[in-house]
Amino acid sequence: MPRGRGSLFLKAADLRVRPLPRAETIPSAWYTDPQFHDLDLDAVFARTWQYVADVRQLASPGDHVVTDVARQPIIVVCGKDGRLRAFFNVCRHRGGPLALKDGNADMLICKYHGWTYRLDGMLRGVPHFDRAELFDKRDYGLTSVPLALWEGLVFVNLAQRPQPIEHYFHGVRERIAPTRLGALQFARRVDYDVQANWKVYVDNYLEGYHIPYVHPELLKLYADYQSYRTEVSDWYSVQVGPLQQERNVYTAGGGEALYYQIFPNLMLNVVPGRLQSNVVIPVAADRCKVIFRYYYDDVTSAPARERIEADVAFSDKVQREDAEICERVQQGLGSRAYDKGRFSVRFEEGVYHFQKLLKHAYRAWLKR
Ligand code: FES
Ligand SMILES: [Fe+2]
């Protein structure tokens, strides 16, 4: 995106952060204008840790996962040494792809003319290249991308020298204990297409304000709606809902539900013995994809399988309610009647916090 153009559409007044009781929500153009879709990819998604795979998908040497982050093709590979590495899925010859889908291979062989790379990214085989001059294979290894693991989740970051991942998840592991996310087993993945900007989906996730209106069934799960609260950390916020015994399939012992939103697009929904992760991927200004993954402490016993079915079905119902309201809100944001709104101090601190981090990311982009 041309920088001069960027500073024209990004108004200084809109980037200002006011205290929550006085703050306005971000302008509607940020949700509807394709320039902001491009900006989000560049200023946010190319600068943050993005969750791309589970370690279980990369357990054996040669296992690889193909994905893209902020329109960049990425491949994550398990090496002969068992180490995970991420590269641009782009051949150094003329830009061909090394793999088109997830799989296992001894070598990464470009699909265009067959240049062959080792699993550690070194270029090894170059067919019919003996007459090229001043050519050293060592100069043409794959371009690597920073990779990090957190509790069995694999992340990549397109920034050159990103902050360590622990910085973003500070305190999460301790708060969730004794449930250990890395020890849970994968059960199911469900993808949803939502006709709304990714930020509409995140905003909606971040507040319980809408629960009585959008999810009347979900409301019954909370022992006391009024004790529902939001806690804010540097890079995430967490909504805490005390659960009513026996109502939820996964909380026979009561306890708390913890709904983490880690900037910019990852959610971890934790109840004892269960994790549901959501990743929100921007597709266009008015479209996003949401990937749900379910993990449990027991995925094999008959009663566990029954509980999983009930859990997934219930989440699916709630998700459909959320997707529907998000799609309506996207239409509202595109209306000439609306530009900015205000926040409930009691219930929308998480939304305010997310929008503050977004402004911070836009400001950092302008400085660059
Ligand atoms: S582009 Fe990869 S071998 Fe030609
Ligand atoms: Fe909701």
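Is Ala196 buried or exposed? In this predicted model, Ala196 has a relative accessible area of 0% and is therefore classed as buried. The residue lies in the loop that runs between β12 (185-194) and α7 (198-205). When neighbours within four places in sequence are set aside, the contacts of Ala196 are with Ala285, Asp286, Arg287, Cys288, Cys326, Glu327 and Gln330. Arg22, by comparison, is 174 residues from Ala196 along the chain, and the C-alpha atoms of the two are 27 Å apart.

The metal site was examined next. The iron ion (ligand 2) is coordinated by NE2 of His210, NE2 of His215 and two OD atoms of Asp322, at 2.0 to 2.6 Å. The donor residues follow the spacing H-x4-H-x106-D in sequence. Two of them, His215 and Asp322, link distant parts of the chain, being 107 residues apart. His215 is placed in the loop between α8 (211-214) and α9 (216-219), whereas Asp322 belongs to helix α10 (residues 302-333).

His215 has a relative accessibility of 1% and so counts as buried. Asp322, with a relative accessible area of 11%, is buried because this value falls under the 20% cut-off.

The geometry of the site of the iron ion (ligand 2) is irregular, with angles of 54 to 153° among the four donor atoms. For reference, the ideal angle for four tetrahedral donors is 109.5 degrees.

At the level of domains, the chain is divided into domain 1 (50-156) and domain 2 (179-358). The centres of domain 1 and domain 2, taken over C-alpha atoms, are separated by 33 Å. Nine residues from domain 1 and 12 residues from domain 2 take part in the contact.

The size of an interface is often expressed as the accessible area that is lost when the parts come together. Between domain 1 and domain 2 about 830 Å² is buried, of which 58% is on carbon and sulfur atoms. On the side of domain 1, Gln50, Tyr51 and Glu151 supply 53% of the area buried against domain 2, more than any other three residues. The number of salt bridges between domain 1 and domain 2 is zero.

Methods. Residues numbered from 1 in each chain as written. Chains lettered and ligands numbered in written order. Predicted model: local features only at pLDDT ≥ 70, side-chain atom pairs only at ≥ 80, totals over all residues. Heavy atoms only, no water. Donors = N, O, S within 2.8 Å, 3.2 Å for Na, K, Ca; no water. Tetrahedral: all angles 85-135°; square planar, octahedral: opposite > 155°, others 65-115°. Helix = DSSP H or I, 4+ residues; strand = E, 2+ residues; numbered from the N terminus. Buried < 20%, exposed > 50% of the residue type's maximum accessible area, 1.4 Å probe, protein only. Domains from an automatic or database assignment. Contact = heavy atoms within 4.5 Å. Buried area = accessible area lost by both parts, 1.4 Å probe. Salt bridge = Lys/Arg side-chain N within 4 Å of Asp/Glu carboxyl O.
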